[in-house]
Amino acid sequence: MPSDYDHLARWYDRLGNLVFAGSIRKAQAFGLDNMTSDSRVLIVGGGTGYVLDAIARLNLSGLNIDYVESSQGMLQLAEMRSISNQDVRFINESWPSTKANDCYDVIITQFFLDSFDGNEFHLMFSSLDVRLKEGGLWIVADFQLSKDLRVLWQLPMLRLMYLFFKITVGIQASRLEDIAEHFASTYKELICNSNYYGTFIFSSTYRKMKK
Ligand SMILES: C[S@@+](CC[C@H](N)C(=O)[O-])C[C@H]1O[C@@H](n2cnc3c(N)ncnc32)[C@H](O)[C@@H]1O
């Protein structure tokens, strides 16, 4: 059963800001300036759409954006953003069962891949990967666990977050995949990277290389 963020939608951003004190926002904005005008862009699980505001501030022309979000509550909030300078197609469907089946110059997933583990994660990753053109960019922000003993608080905090999202929205995953390692092992070149909230949050831009 897919997760259901509808009843959390109005609180989601406030909760993120409260717990992570602006780090989520910074991670969501980082790397977007690698995009160029006239790109075909796919955003999956974009939530309330802050990323659309951040993209609008770049003043790029000719962007064509497919915004796929499974929660109607989240999508409605995203649609209310003032993004008139962009061509956005809002799609209230669950990826990968969606009508958005083009190939894209840019894919954006932010705090989305952490909702999947094991086989589900691999299926989700490859269903997106096949939609990214060679040479295209994947802009990703998410959580990561450090092996540094000084940040041992990360694991209990992560477990608490998974418990919270299991109870409130019914996510199936219970552990965090090594997302950065997965990108590295699937032939993607790291263009830029930044860490936030200690190193608990990362934001990276990868280029899909020729196999
Ligand atoms: C943790 S929230 C992250 C929202 C936003 N990207 C952010 O950074 O704040 C995950 C979002 O992904 C959406 N989602 C979960 N599974 C999905 C799927 N299979 N297809 C599309 N959206 C999905 C949820 O409804 C939710 O809005």
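The model is a predicted one, in which local features need pLDDT of at least 70 and side-chain atom pairs count only at pLDDT 80 or more, while totals for chains, interfaces and linings use all residues. Residues are numbered from 1 along each chain as its sequence is written.

The protein chain holds 7 helices and 7 strands, where helices (H or I, at least four residues) and strands (E, at least two) are DSSP runs numbered from the N terminus. Read from the N terminus, the order of elements is α-α-β-α-β-α-β-β-α-β-α-α-β-β. Along the principal axes, the C-alpha atoms fill a box of roughly 45 × 40 × 30 Å.

Turning to the interior, 31% of the 211 residues count as buried. A residue is buried if 20 or more other C-beta atoms lie within 10 Å of its own, exposed if 12 or fewer, and partly exposed in between, with C-beta atoms placed from the backbone. The largest nonpolar core has 40 residues, among which Val 41, Ile 43 and Ile 107 touch the most other members. Strand β5 (residues 132-143) gives this core its largest share, 6 residues. Such a core is a set of buried Ala, Val, Leu, Ile, Met, Phe, Trp, Tyr and Cys residues joined through C-beta atoms within 7 Å. Beyond its neighbours within four places in sequence, Ile 43 is in contact with Val 51, Ile 65, Tyr 67, Val 68 and Ile 108.

Strand β1 (residues 40-44) is largely enclosed by the rest of the structure, because 4 of its 5 residues are buried. β1 pairs with strand β2 (residues 64-68) in the parallel sense over 5 bridges, pairing being assigned if DSSP finds at least two bridges between two strands. Within this pair, Leu 42 has Asp 66 of β2 as its bridge partner. Strands β6 (residues 188-196) and β7 (residues 201-208) instead run antiparallel and are joined by 8 bridges. They form a hairpin with 4 residues between them, and Asn 195 stands opposite Phe 202 in β7.

Around the ligand there are 19 residues, of which Gly 45, Gly 47, Ser 71, Trp 95 and Gln 110 come nearest; a residue is near a molecule or strand if its C-beta atom, placed from the backbone, lies within 6 Å of it. This shell divides into 8 nonpolar, 10 polar and 1 charged. Here Ala, Val, Leu, Ile, Met, Phe, Trp, Tyr, Cys and Pro count as nonpolar, Asp, Glu, Lys and Arg as charged, and the others, Gly among them, as polar.

Some backbone details are worth a look. Most residues other than glycine have a negative phi, and most peptide bonds are trans. The bond from Trp 95 to Pro 96 is cis, with omega near 5°, and Pro 96 is found in the loop between β3 (87-91) and β4 (104-110). Ala 21 has a positive phi of about 45° and sits in the loop between α1 (9-20) and α2 (23-29). With 12 C-beta neighbours inside 10 Å, Ala 21 counts as exposed. Tyr 197, in the loop between β6 and β7, has a positive phi near 50° and is partly exposed, with 19 other C-beta atoms within 10 Å.

Notes:
Contact = placed C-beta atoms within 7 Å.
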